[in-house]
Amino acid sequence: MPNKNNNVLYRDLRFEGAVDQETRTVPISFSSEAAVRRFDWARGEYYNEILGHEDGNVDLSRLQDMGVCLFNHDRDKVIGAIIEPVLDTAERKCKAKIRFDSDDFAERIYQKVLSGTLKGISVGYGISSFEDVKPGAKSTCGRFTGPCKIARSWMPYEASVVSIPADAAVGVGRSLVDDTELAEFRAYKEAQKQQAEQKRAAEAARMANLKRELGIMEMEGV
């Protein structure tokens, strides 16, 4: 099903290799098919969210055209470019390189990466459509068992060097700055509020119509 809230979600990985100091680049894997446990507020149940890494699942055009690397997902802290993004269907991963800028702030982050102080990578992405796999059922590709939702159309927006990567205790690939579940909960509560208001309005209209009909009947002496 589509992600109507257009929320930005986050997943964390680590650097894949050493920094090339001559080109100021470092290879990364910014996504995989590792499951993230999320909560469906409408259904009131947990499910595993999986990013599909088959041909046609991921749209890399945004990273290819204007891919940027941020620090801690802060849009005002651009530290470099994301270059050469590719989908590796054999490893079921998306890969790229970070090319660090040379301004003062980017240089500070680059030196911390170079020294090994900063090791975390997090990607911000959006999902357009899911394959919803029911409990006990198999996905269309036959590789996953429900309950799970597999992103069959998704797009990475940016990749960040992060100071605090995912805490394994709260789910594989879960970013500590990810407030998606809170946003989803608020959207769910707002939808409930709108439904209640619509129900009240419909009931008020029904009562007004009934009162009008009773008034007509009294005038006619029925």
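**Figure 1. Overview of the predicted model and its elements.** This is a predicted model in which residues are numbered from 1 along each chain as its sequence is written, and local features need a pLDDT of at least 70. Side-chain atom pairs count only at pLDDT 80 or more, whereas totals for chains, interfaces and linings use all residues, and side-chain values use heavy atoms, with hydrogens and water left out. The protein holds three helices and nine strands (DSSP runs numbered from the N terminus, H or I of at least four residues for helices and E of at least two for strands), in the order β-β-β-β-α-β-β-β-α-β-β-α from the N terminus on. Of its 222 residues, 39% count as buried (under 20% relative accessible area, with exposed over 50% and partly exposed in between, for a 1.4 Å probe and protein chains only).

**Figure 2. Confidence along the chain.** The average pLDDT, the predictor's confidence in each residue from 0 to 100, is 82, and 84% of the residues score at least 70. Residues 1-6 have a pLDDT below 50, and this stretch makes eleven contacts beyond near neighbours in sequence (a contact means heavy atoms within 4.5 Å). Residues 167-179 likewise have a pLDDT below 50, with 27 contacts of that kind in the model. Where pLDDT is low, the predicted coordinates should not be read in detail.

Figure 3. At 5% relative accessibility, I50 counts as buried. Leaving aside residues up to four places away in sequence, I50 touches R11, E33, A35, F144, C148, K149, I150 and A151. The C-alpha atoms of I50 and A151 are 6.1 Å apart in space, although the two residues are 101 apart in sequence.

**Figure 4. Cysteines without a disulfide.** A search of the whole structure finds zero disulfides (pairs of cysteine sulfur atoms within 2.5 Å). For C148, which is in no disulfide, the nearest cysteine sulfur is that of C141, 8.6 Å away. C148 counts as buried at 2% relative accessibility, as does C94 at 0%.

**Figure 5. A nonpolar patch that includes L210.** M207, L210, L214 and M217 make a nonpolar surface patch of about 340 Å²; such a patch joins nonpolar side chains (Val, Leu, Ile, Met, Phe, Trp, Tyr) within 5 Å, from residues with over 30% relative accessible area and no salt bridge (a side-chain nitrogen of Lys or Arg within 4 Å of a carboxyl oxygen of Asp or Glu). L210 is found in helix 3, residues 180-219, and is partly exposed because its relative accessible area is 36%.

Notes. Patches are made of residues with over 30% relative accessible area and no salt bridge: like charges are joined within 9 Å, nonpolar side chains (Val, Leu, Ile, Met, Phe, Trp, Tyr) within 5 Å. Accessible areas come from the Shrake-Rupley method with a 1.4 Å probe; for residues, only the protein chains shown count as cover.
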